[in-house]
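Please walk through this structure with me, one contact at a time. Keep the 3D view open as you read.

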Amino acid sequence: MRPFRYERAEDGSGAVAALAATPGAKFLGGGTNLVDLMRLGVESPDLLVDVTRLPYDRIDATADGGLHIGAGVRNSDLAAHRHVRTRYPALAEAVLAGASGQLRNAATTGGNLLQRTRCAYFQDVTKPCNKRDPGTGCPAREGEHRNLAIIGHSEHCVATHPSDMAVALAAFDAVVYILGPAGEREIPLVDFHRLPGDAPQRDTALERDELVVAVTLPALGFASNSRYRKVRERASFSFALVSVAAALDVADGEVRDVRIAFGGLAHKPWRAHAAEAALRGAPARAEAFGDAVDAELEQAEPRRDNG
């Protein structure tokens, strides 16, 4: 690991200023992904700006009945929070499906959103990778890609986003709040993560010197009727081959409203708008659910080994 400097931020604006002043700087939260990448040589920041002491570690109810989740909230605390478990159970299940208990105790909400792909070529600095070193190629397209993207990918990158938590947040229309040199702004979570296009090195819509400070969940009554399901190669903990967060509002045998997002399929959590549109007003039967997913996946372009 290359030597680096360390600073502890006293407030949000100070953290942003420190990053803006040092081009090779990174924010440090739980470090559960960043430190691993530093050990591998994928990341080599000149400065780590510790943001763990900033006042972003609370979960509060909003006036409209939603939730305001600070970026510093630990994953374990998020999954255990009473309002999360009762109002948005798919979110609690998604967080508990990710990593081990020890890692959830360290990982933060903001860091979970910003974790980078686990594509083996990205993590191996001896291999070419457009995400790590733009213009060098994407060997995963013809190499080992069983766990990689079938939708939204490009010739430059077929990596997938690893977060479970972000899939549930995408289903519930979460909004990400950001602090930068120009002040605060917000981005819907479905627009926060990027598809690779011709710039796969950019995972999100964040500018380099912007800090995630919170995520809000709007009030959604039927989110209490939601689940998260994950298929993975081992039952203890592993990244998703495919996952789904779904909330359903059914009355008199008919789907009145629905929210669906997939994980493990794309470079970002995949909000299934086509499937939702196909289900609204449809009978709540297995055939209708199957047809809706088929409609969503018409745009899929699987590679050799991941269809």
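Which residue meets the side chain of Arg229 in a salt bridge? Glu93 does, with N and O 4.0 Å apart. Keep in mind throughout that this is a predicted model. Arg229 sits in strand β9, residues 226-232. Glu93 belongs to helix α5, residues 89-96. Side chains of opposite charge can pair when their charged atoms come close. The whole structure holds 23 salt bridges.

Now turn to Arg303. Its side chain forms a salt bridge with that of Glu142, at 2.6 Å from N to O. Arg303 lies in the segment after α12 (286-296), while Glu142 lies in the loop between α8 (120-123) and α9 (165-171), so this pair ties together parts 161 residues apart in sequence. Glu142 is exposed, with a relative accessible area of 56%.

Next comes Arg259. It pairs with Asp173 in a salt bridge, and the closest N and O atoms are 3.3 Å apart. Arg259 is in strand β11 (residues 254-263) and Asp173 is in the loop between α9 and β6 (175-180), so the pair ties together parts 86 residues apart in sequence. Is Arg259 buried or exposed? At 12% relative accessibility, Arg259 counts as buried. Asp173, Asp257, Arg259, Arg271, Glu276 and Arg280 are linked in a network of salt bridges.

Most residues other than glycine have a negative phi. Ala99 is another case: it is not a glycine, yet its phi is positive at about 60 degrees. Ala99 is placed in the loop between α5 and α6 (101-106). At 30% relative accessibility, Ala99 counts as partly exposed.

Helix α12 is the next stop. Which residues of α12 are buried? They are Ala288, Ala292 and Glu296. Viewed down the axis of α12, these buried residues fall within an arc of 80 degrees, so they line one face of the helix. An α-helix has 3.6 residues a turn, so residues three or four places apart point the same way. What covers the buried residues of α12 includes β11, β12 (270-271) and α11 (273-279). The face turned away from the buried side of α12 carries the exposed residues Ala286, Glu287, Asp291 and Asp294.

Now find Lys131, in the loop between α8 and α9. Lys131 counts as buried because its relative accessibility is 3%, and the cut-off for buried is under 20%. What does the side chain of Lys131 make a polar contact with? The partner is the side chain of Asp203, at 2.5 Å. Leaving aside neighbours within four places in sequence, the contacts of Lys131 include Arg116, Thr117, Phe122, Cys157 and Ala159. Also among them are Pro200, Gln201 and His267.

Gln115 is placed in the loop between α7 (109-114) and α8. This residue is buried, with a relative accessible area of 13%. A polar contact of 2.8 Å joins the side chains of Gln115 and Arg118. Beyond residues up to four places away in sequence, Gln115 touches Asn33, His161, Pro162, Ser163 and Phe239. The C-alpha atoms of Gln115 and Ser154 are separated by 20 Å, and the two residues are 39 apart along the chain.

Finish at the start of the chain. Which residues form a nonpolar patch on the surface with Tyr6? Met1 and Phe4 do, and the three have about 320 Å² of accessible area together. Tyr6 lies in strand β1, residues 5-8. With a relative accessible area of 43%, Tyr6 is partly exposed.

Technical notes
Residues are numbered from 1 along each chain as its sequence is written. This is a predicted model: local features need pLDDT of at least 70, side-chain atom pairs count only at pLDDT 80 or more; totals for chains, interfaces and linings use all residues. Side-chain values use heavy atoms; hydrogens and water are left out. Helices (H or I, at least four residues) and strands (E, at least two) are DSSP runs, numbered from the N terminus. Buried means under 20% relative accessible area, exposed over 50%, partly exposed in between (1.4 Å probe, protein chains only). The arc is that of the directions from the helix axis to the C-beta atoms. Contact means heavy atoms within 4.5 Å. A polar contact is a pair of N or O atoms within 3.5 Å; within protein, one must be able to donate a hydrogen and the other to accept it, and residues adjacent in sequence count only if both atoms are side-chain atoms. Patches are made of residues with over 30% relative accessible area and no salt bridge: like charges are joined within 9 Å, nonpolar side chains (Val, Leu, Ile, Met, Phe, Trp, Tyr) within 5 Å. Accessible areas come from the Shrake-Rupley method with a 1.4 Å probe; for residues, only the protein chains shown count as cover.
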